[in-house]
Every structure is written in C-alpha cells, then in structure tokens.
Amino acid sequence: MHYSRMMPLVNGHRYFTSTAVFLNEVIKLAISLTMALADISSSLPSSSPATALFSELAKSVFTGDSWKLAIPAMLYTLQNSLQYIAVSNLDAATFQVTYQLKILTTALFSVTMLGRTLDTRKWLSLVLLMVGVAIVQIPTGSEPGIPTLKDLKEGHTGFHVPRSFNGLRHLGGTAADRLTKRSATYEGIDEDFAMLNPQLNASIGLACVLTACVLSGLAGVYFEKVLKDSNANASVWVRNVQLSFYSLFPALFIGVFFKDGAEIAKSGFFVGYNWVVWTAICCQALGGVVVALVVNYADNIAKNFATSISIVISCLASVWFFNFQITFTYVAGTIVVLLATYLYSSQDRTRPPPIRIADYEKTTIGSDLGYFDIESNTLQPKTPMRGDAVTTSRPGTPTFERRHHHRTRSDQMRFAKREV
C-alpha cells in the first residue's frame, strides 16, 4: 500500500483511494459469497436446485437484525479510507507499529460498551502499548538523501537538478515522460513536484492512523455486541457477506461518487492502476477475510505471532525497498509494543489448584475380598495394615456408619446395595 502511493505515476496519474476501497469490498464480497454458497450447499440435498441454494443464502444474509451490521460496515469503510491516507504519509514500518493502538481503543470501548473489567495485567499492557507507540513516534530528523521543495528552490541540496529533457534522460527512468508543459515555469511547480515526489506528512499520517484505531475499536466492539444480542446462528462467511454488502454503499456513494466523483468522471475509474495497485487491493481484501478466520478459529498465541511477524516483515521490507533507517528509538518502541501485545492477549497460564479430597470423603466400601474405589470404578484388593483388625464393613456395623456418617440416606442405601 505504501509503495502504491509513492511509486511513479501511471500515465501521469495516481489512482484514487476511494476506488481502491470500493474494489476491496467487492473482492471480499465475492470471496465470502463463494465460501458461503459452498457452506450452505453442503447442508442441502444434492438434488436441490440453484434457486433453493440462493434462496437459503438470501434468507441467511438478510435476517431480521442484519441491518444492524450497516453501522460497523460504515465504520470499517471509513477506517480503510483513513488507512490509505495514513500509509501515504507514514512509512510502512511506523504505520504498522502505530496501528497497534487499536488494541487500546478496543479495550476502552469494551469496558464502556460491554461492561467488561480488565485486570491489572491488561491495564499495564495498555500503558506499555501507549509508551511504545510514543517512543516510535519520537522524531529523529529528516531522512538523508531526499531533497525537499524548499531545498530545490534555494539550491542547497548538492544534487544535480537537470534543466532540460535531455538532462532528465541522462538520469534514467521515465521522469521526462511525466512532465507537463508548465513544469519548466515557476507557476505550478509546487503541484508538479508534489505529484512527482509525494512528501510524507507525519502529522496528517499520525492523525489518520489514530482516528482509524478509534474507528476500528468502536466497530469491533459494536459488531461483537450485535452478535451477542442476535439470535441468528450465522456462519463466519455469512457474517462477512453481510459486512461486505453493507460496506459497498458508503464506499460507492460517499467515496466514489461524492468525494472523487468529478475527477473520476474526468479521468476514469481505473486511472493510475497497474499490477502494484491491484496487488495491494487484493492483499488488503484477503487480509480482511483472513482476520475473520483468525478470530473464529485461531487462538491468541497465533494472533500474537502473526502481529509480531507482520511488524518484523514491514520493517525489513521498508529497509529493503525504501531505505528505512532503523533507529534505536524505533527498535525500543517496537519491542515495547510487541511486549504489550503479548501481555494483553496472552491467557493466564497459572494452573488452578488441584482438587484435594479429604480422607473421610473418599468412598471405599470394604468387603472380605477388598474394597470398591468409586474414583477409579474398580475393585481394589484389601491390604490391611499391621494392627488393623477391621476386615469387613457391612451396613449396620459401627465401621460402616463411622465411614459414611457424612453421606445421605440414599447414598448409604446405594453403597449398601453395591456391596451386597
């Protein structure tokens, strides 16, 4: 996603994020519909017609309370839109670490909306999470080797800035192909430079990722509340179909039509698209489906490993592709964030105390051959200790009454019958 927003322009244009969000939901809807149809068809007779299959799917998707999922679907759509803005202004590694603040927002909304209580370990992990993200966000200066617009105007870069198309061709690449007629003039140079060399704005990126975390926590907790209050027993694929279906409307009408409608009508829906953009959209859509499967089938340990590995991969990929500078503050903040994620999601591993049964509670019915152990449901041979003169324990005797004085009358009769 970050490279798709930073890469050279495709035919002089950059793709619209609203179209990417809409296509993301379309792909998720297609995957969820396919899996939901396969799941429903396995429960129907093999001779059932296709109309019965689609009728059963529609009945499962549009239940009485399915409209409630329109609210989290809208929140998720807005969250995805903010992710594109955030990743356009933050490097991938910093975005990945900062985005873990959604754990904090989810916990806070769980306490306020679901009435949950958090123990000391979880509150400590949330504090560590905020500290780790704050450490990652500590500024370390601008990245070396990237001239700013001010540097280019004042000529303090030390870089050779070509003044003609031939000079650009000697530098290699396709920069000359992307220039317009007004690029050689001072008027419009700001817009052209910003389009050809997009600058990262950490303030905008941080604001968007924080807002996305709040929306993620609110949508997740509200979705959980709807599922708990619902009486419908829908599968995970049907729930994904519902979310993707209701997400299409805000993505299409608010994003594509209202936000970028004029530009899309002028340039086209798929302007700026190439294989990189399609790969980013497909990864985003598949990631949303996989997250639902992780929540449904995996445990917290697997989720912690996935989060840790994703942060490490993002860091290494940023170093390889974008020359990301690994600083001490980034490493320290990332370690604190991973530790906080582990503490919050890990289950209590302390074993419960063993159940101890006092000697007088253990049921051992004596006989001439041995005694019947209720715990193991077997007849154990009698091995009297030295000085033990008791060899039998029959009902009515002091030995039987002394052993079973704590039993009820029905238990005594049952034990007596078993011994007989």
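1. Of the 420 residues in the chain, 36% are buried, and this figure, like everything that follows, belongs to a predicted model. The chain contains 19 helices and three strands. Among its contacts with a separation of 6 or more, 76% are between residues 24 or more positions apart.

2. Before going into the helix contacts, I would look at the confidence values. The mean pLDDT of the chain is 75, with 67% of the residues reaching 70 or more. Over residues 142-184 the pLDDT stays under 50, and for this stretch the model has 32 contacts beyond four places in sequence. A further stretch with pLDDT below 50 covers residues 355-368, and here the model has 34 contacts beyond near neighbours in sequence. Where pLDDT is low, the predicted coordinates should not be read in detail.

3. Two packed helices are described by the angle between their axes and the distance between the axes. For helix α4 (residues 70-89) and helix α13 (residues 236-259), the axes come within 8 Å and cross at roughly 60°, which makes α4 oblique to α13. The crossing in which α4 passes α13 is right-handed. On the α4 side the contact is made by Ala70, Pro72, Ala73, Met74, Tyr76 and Thr77, and on the α13 side by Leu243, Tyr246, Ser247, Pro250 and Ala251. Sorted by class, the residues in this contact of α4 with α13 are nine nonpolar and two polar, with no charged residues.

4. Ile71 lies in helix α4 and counts as partly exposed, with 43% relative accessibility. The C-alpha atom of Ile71 is separated by 8.5 Å from that of Tyr246, although the two residues are 175 residues apart along the chain; Tyr246 is itself one of the α13 residues that make the contact with α4. Ser244, which lies in helix α13, is buried, as its relative accessible area is 4%. Leaving aside residues up to four places away in sequence, Ser244 touches Glu25, Lys28 and Leu29.

5. Helix α6 (residues 102-113) takes part in a contact with helix α12 (residues 202-229), where the axes come within 8 Å and cross at roughly 40°, so that α6 is oblique to α12. Here too the crossing is described by its hand, and α6 passes α12 in a right-handed crossing. The residues of α6 that meet α12 are Lys102, Thr105, Thr106, Phe109, Ser110 and Met113, and their partners in α12 are Cys213, Val214, Ser216, Gly217, Leu218, Val221, Tyr222 and Lys225. By class, this contact of α6 with α12 has seven nonpolar, five polar and two charged residues.

6. Helix α6 also meets helix α7 (residues 120-136), and for this pair the axes come within 9 Å and cross at roughly 140°. The crossing of α6 with α7 is left-handed. From α6, the residues involved are Ile103, Leu104, Ala107 and Leu108, which meet Trp123, Leu126, Leu129 and Met130 in α7. The contact of α6 with α7 divides into eight nonpolar residues, no polar and no charged ones, whereas the contact of α6 with α12 includes five polar and two charged residues.

7. Asn11, found in the loop between α1 (2-6) and α2 (17-43), has a phi near 55°, a positive value in a residue other than glycine. With a relative accessible area of 75%, Asn11 is exposed. Asn323 has its place in the loop between α16 (300-322) and α17, and its phi is likewise positive, at about 55°, although Asn323 is not a glycine. Asn323 is exposed, with a relative accessible area of 56%.

8. Finally, Ile335 has its place in helix α17 (residues 328-345), and at 54% relative accessibility this isoleucine counts as exposed, because the cut-off for that class is over 50%.

Conventions: Residues numbered from 1 in each chain as written. Predicted model: local features only at pLDDT ≥ 70, side-chain atom pairs only at ≥ 80, totals over all residues. Heavy atoms only, no water. Axes fitted to C-alpha atoms, helices over the stretch in contact; angles between N-to-C directions. Helix = DSSP H or I, 4+ residues; strand = E, 2+ residues; numbered from the N terminus. Parallel < 35°, antiparallel > 145°, perpendicular 65-115°, else oblique. Left-handed = near helix turned anticlockwise from the far one by under 90°. Contact = heavy atoms within 4.5 Å. Nonpolar A, V, L, I, M, F, W, Y, C, P; charged D, E, K, R; others polar. pLDDT = per-residue confidence, 0-100. Buried < 20%, exposed > 50% of the residue type's maximum accessible area, 1.4 Å probe, protein only.
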